[in-house]
Amino acid sequence: MSSVTASSGFSVFRYAAPNVFYPLAGRLVPLFALLAAVLTVIGLYIGFFLAPTDAQQGDSYRIIFIHVPAAWMAMFLYVVMAFWASIGLAFNTRLSSMMAQAIAPTGALMAFISLWTGALWGRPTWGAYWVWDARLTSTLILLFLYLGFIALQAAIDDKRRADKAGAVLALVGVINVPIIYFSVKWWNTLHQGASVKPGGSSMADIMLTGMVVMVFAFWMYAIAAVLARLRSIILERERRAQWVLDAREQGKL
Amino acid sequence: MQWGSIENFLAMGGYGFFVWGSYAVTLVIFVAEIWALRNRRRAALGQIPRPSDAGRSA
């Protein structure tokens, strides 16, 4: 049993094998979940009890502590998903494709949260829940790309073919991410420009601190959720593999 | 404490509906995702064939 996993010295590439990655992910999930919980408590404490009321927007701006983290994670996760999907496509590595599949639902939820919180922030500040503005529309397209990826994968029975079709869709959709990011520069939009950019920030320090802590909280949550889902996907796809049967007999699933 | 009272905190300077509407839905989504992940894991574990299934046709 252990001869499979302990062969030929240490290499990060050995983690590309689902049977090696499965237990590693199992140890990482609670760690990242704990980090997410601790950072959320700290971030929300800063956001609601240390950060002052905004001079222009009043307390409506406090939506920023979940809106920006969700929006950033929605974009970031898409790029990571497309990266792993393309690695799976190019090198035929099963775990890479499973990773892409594991990221999609969490990415879609992040995109939805960014749209939902954006709508509830837009109403008091712009007077409308929704406008067909470049930033909002391209984020809606991001949500549809995630949903399309999930639907396409679910529609194809042969898992490896589903991975390849999904990878093509994910790669084509990557073009949308820089469009979202630069939309506030390229077009006249209602959405404000980037508050945080290289070389400085237009926000008060304590507000920025709370937002950054929440970005890390969402990041840690996303890692925990994706790894937990990846473990289930590994089990679903490899349920007839000997290592799965052996691990169950040993109570190590 | 900048809020003074729990009422003021919940009111969010008149933006309570928008702020709490954002946070509540976000919380519901994360709880639902964690719940779905647990269910998926349980289902995945249940799909693994038992040794006792070996004799029977699949």
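Author: The questions and answers below concern this predicted model.

Reader: What makes up the secondary structure of chain A, and in which pattern?

Author: Chain A contains nine helices and two strands. Along the sequence their pattern is α-α-α-α-α-α-α-β-β-α-α.

Reader: How do you know that the span of helix 5 of chain A agrees with its number of residues?

Author: Helix 5 of chain A covers residues 134-155, which is 22 residues. The expected span is 1.5 Å times one less than the number of residues, so helix 5 should span 32 Å. Its end C-alpha atoms lie 31 Å apart, and the two values therefore agree.

Reader: Which residues of helix 5 of chain A are called buried, and what do they pack against?

Author: A residue is called buried when its relative accessible area is under 20%. In helix 5 of chain A, this holds for residues including R135(A), L136(A), L140(A), L143(A), Y146(A) and F149(A). The buried residues of helix 5 pack against helix 3 (64-91), helix 4 (94-126), helix 6 (159-173), helix 7 (176-186) and helix 8 (205-237) of chain A. In chain A, buried residues make up 47% of the 253 residues.

Reader: What makes D133(A) a cap of helix 5 of chain A?

Author: A side-chain oxygen of D133(A) lies 2.8 Å from the backbone nitrogen of R135(A), at the N-terminal end of helix 5.

Technical notes: Residues numbered from 1 in each chain as written. Chains lettered and ligands numbered in written order. Predicted model: local features only at pLDDT ≥ 70, side-chain atom pairs only at ≥ 80, totals over all residues. Heavy atoms only, no water. Helix = DSSP H or I, 4+ residues; strand = E, 2+ residues; numbered from the N terminus. Buried < 20%, exposed > 50% of the residue type's maximum accessible area, 1.4 Å probe, protein only. Contact = heavy atoms within 4.5 Å. Polar contact = N/O pair within 3.5 Å; in protein donor to acceptor, adjacent residues only side chain to side chain.
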